[in-house]
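Student: I would like a close look at a single part of this model. Please keep the answer connected and define the terms as they come up.

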Amino acid sequence: MKYTTALLIFTFCTISSLTLSAQNLKLNQTQVIGSHNSYKSQMAPELLAFLSKVNPPAAQSLEYSHIPLEAQLDLGLRNLELDVFHDPVGGRYSDPKGLQIIKSAGGSVLDYDPSDALSKPGLKLFHVQDLDFQSHYLLFADALGALKTWSEAHPDHSPVFILINAKEGNVPGTRPTLPFTPSALDSIDLEIRTHLGMDHLITPDLVKGNYNDLESAVLAGNWPNLDDVRGKFLFVLDENEEKINRYLTAKPELKNAVLFVNKKEGNSTAGFRIINNAVKDEDYIRELVKKGYMVRTRADSDTKEARTEDYTTFESAKASGAQVISTDYYMPSTFFKSDYKVSFEGNVYERPNPVLTKK
């Protein structure tokens, strides 16, 4: 049974990839599905029970988890989202307070940090300090290394879009985060360059080409051909304008930058937009896509659509032409009873963009 399932997944993904290749599409003429908070492994039930007493809606919104990054890519997903925390010295997030909550309730988290990764310098990878701290990779560097290994084992894979959240929010009762200064934001670039490598990247400079700025190139349709960027990753800083401006202090006009930025159209560094409400903004997204921008939107959020098996947002996301659609449910929930599952027709996760290509 397991062999048959794996064979079916491989067949579907191969057919989808061949279909995209046969149409000689550009990168922005595709549409892919991926995951939200992709690194997130399952929270201990004792911790969820504790949080449900303190903040029931928040606890409910955390009732999801993901399979390892490589398994998601094997399945055919082509979008990931990674949350990073600044920790240049190391040890800032060691021994999260949630471990004590779990232990006091009689639970345990086996092999939570067997390599003592949290004590090492470098960006950390999890959702919320002290609370939602379980991750398939605690070090951003280790996640990047895993992606590189997977990519080099599948050199013809279609491009993978990765959103980066630079987390610096402080939750009451948890340890304070370190702010992402311009140099701290630039450290995201450095780790990606070091542990994934420039030859695996689609960068703003690549898209800009000989145009004066990135937005001019995007509006002129200068996205690369899909087959020319197989085996590569495109990273986007998914942050507010103030934090994006900090990054641009380190990387003016995105010259030599790894990250694209969520800058509103009309700015020289605009090219990749994050617009999360596909229902409210369906027409707006479609307008941007037709102009040449790439857009990421969501099919669901906070477990709400999955609990009611409501596909309204996903249908709007597909119809909008947003090139990247994220979900927590490329497989049905294991936390509550629901058949909600997001994929394109044929159980695939990438296809030609319906707004930019002929059916």
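In which sense do strand S8 and strand S9 pair, and over how many bridges?

Tutor: This is a predicted model, where local features need pLDDT of at least 70, side-chain atom pairs count only at pLDDT 80 or more, and totals for chains, interfaces and linings use all residues. Residues are numbered from 1 along each chain as its sequence is written, and side-chain values use heavy atoms, with hydrogens and water left out.

Strand S8 (residues 294-298) runs parallel to strand S9 (residues 324-327), and three bridges join them. Strands here are DSSP runs (E, at least two residues), as helices are (H or I, at least four), numbered from the N terminus. Two strands count as paired if DSSP finds at least two bridges between them. In general, strands of a sheet pair through backbone hydrogen bonds, either parallel or antiparallel. Within this pair, Arg298 stands opposite Ser326 in S9.

Now widen the view. S8 and S9 belong to an open sheet of five strands, ordered S7-S8-S9-S1-S10. Its pairing is mixed. The edges are strand S7 (272-274) and strand S10 (350-352), each pairing on one side only. From one strand to the next, the twist averages 20 degrees.

A helix covers part of this sheet. Helix H11 (residues 282-291) lies across S7 and S8. Contact means heavy atoms within 4.5 Å. H11 runs at about 155 degrees to S8. Axes are lines fitted to C-alpha atoms, for helices over the stretch in contact, and angles run from 0 to 180 degrees between N-to-C directions.
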